[in-house]
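Have a look at the sequence and the fold first, and then we can walk through some details together.

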Amino acid sequence: MMRARARTEQPRSDFDVHQQALARLFAQELQMSFHEWRQQLRLTEALPRLLAGDSVQVVARDLGYGSTRAFSSMFRRLLGETPRDYLGRLEQLARVRGRED
């Protein structure tokens, strides 16, 4: 399970690398900022846990968000709907598919 600190704005390095150089490297190699990459990583960790039944509150806390609202806001920004709406839609699709089989 990933435990991240939500307040860290830039990646840290034990090496002698300037933050701006590291930010440019992220942009060049991944075509996204460190902040965008970190959000996608958190979402990748969150989705299976939410689908397995973990509460939004627990997932948000474990991933380093200061509040459920902050996590839900990021989720909505990236996927276009809240975690509750997203999971509800998946459950509805599963029920429809179950009737078709």
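## Salt bridges

Let's start with Glu81, which counts as buried because its relative accessibility is 16%, under the 20% cut-off. Please keep in mind that this is a predicted model. Glu81 forms a salt bridge with Arg89, and their closest N and O atoms are 2.6 Å apart. Arg89 is partly exposed, at 36% relative accessibility.

The structure holds four salt bridges. A network of them links Arg49, Asp54, Arg61 and Asp62. Within it, Arg49 pairs with Asp54 at 2.9 Å between the closest N and O atoms, and Asp62 meets Arg61 at 3.0 Å, N to O. Arg49 is buried at 13% relative accessibility, while Asp54 is partly exposed at 30%. Asp62 is buried at 5%, whereas Arg61 is exposed at 54%.

## The nonpolar core

Which residues touch the most other members of the largest nonpolar core? Of its 14 residues, they are Ala46, Leu50, Val59, Leu63, Tyr65, Phe71 and Phe75. Helices H2, H3, H4 and H5 each supply at least two residues of this core, and H2 gives the most, with four.

Phe75 also brings us back to Glu81: leaving aside neighbours within four places in sequence, the contacts of Phe75 include Leu50, Glu81, Pro83 and Tyr86.

Helix H1 covers residues 19-30 and includes Leu30. Its twelve residues reach 16 Å from first C-alpha to last, close to the 16 Å expected. Next comes Gln31, with a positive phi near 55 degrees.

Leu30 is partly exposed, at 37% relative accessibility. Together with Trp37 and Leu41, Leu30 makes a nonpolar surface patch of about 230 Å².

Conventions: Residues numbered from 1 in each chain as written. Predicted model: local features only at pLDDT ≥ 70, side-chain atom pairs only at ≥ 80, totals over all residues. Heavy atoms only, no water. Patch = residues over 30% accessible without salt bridge, like charges linked within 9 Å, V, L, I, M, F, W, Y side chains within 5 Å. Areas by Shrake-Rupley, 256 points an atom, 1.4 Å probe, with all protein chains shown as cover. Salt bridge = Lys/Arg side-chain N within 4 Å of Asp/Glu carboxyl O. Buried < 20%, exposed > 50% of the residue type's maximum accessible area, 1.4 Å probe, protein only. Core = buried A, V, L, I, M, F, W, Y, C linked by side-chain atoms within 4.5 Å. Contact = heavy atoms within 4.5 Å. Expected span 1.5 Å × (residues − 1).
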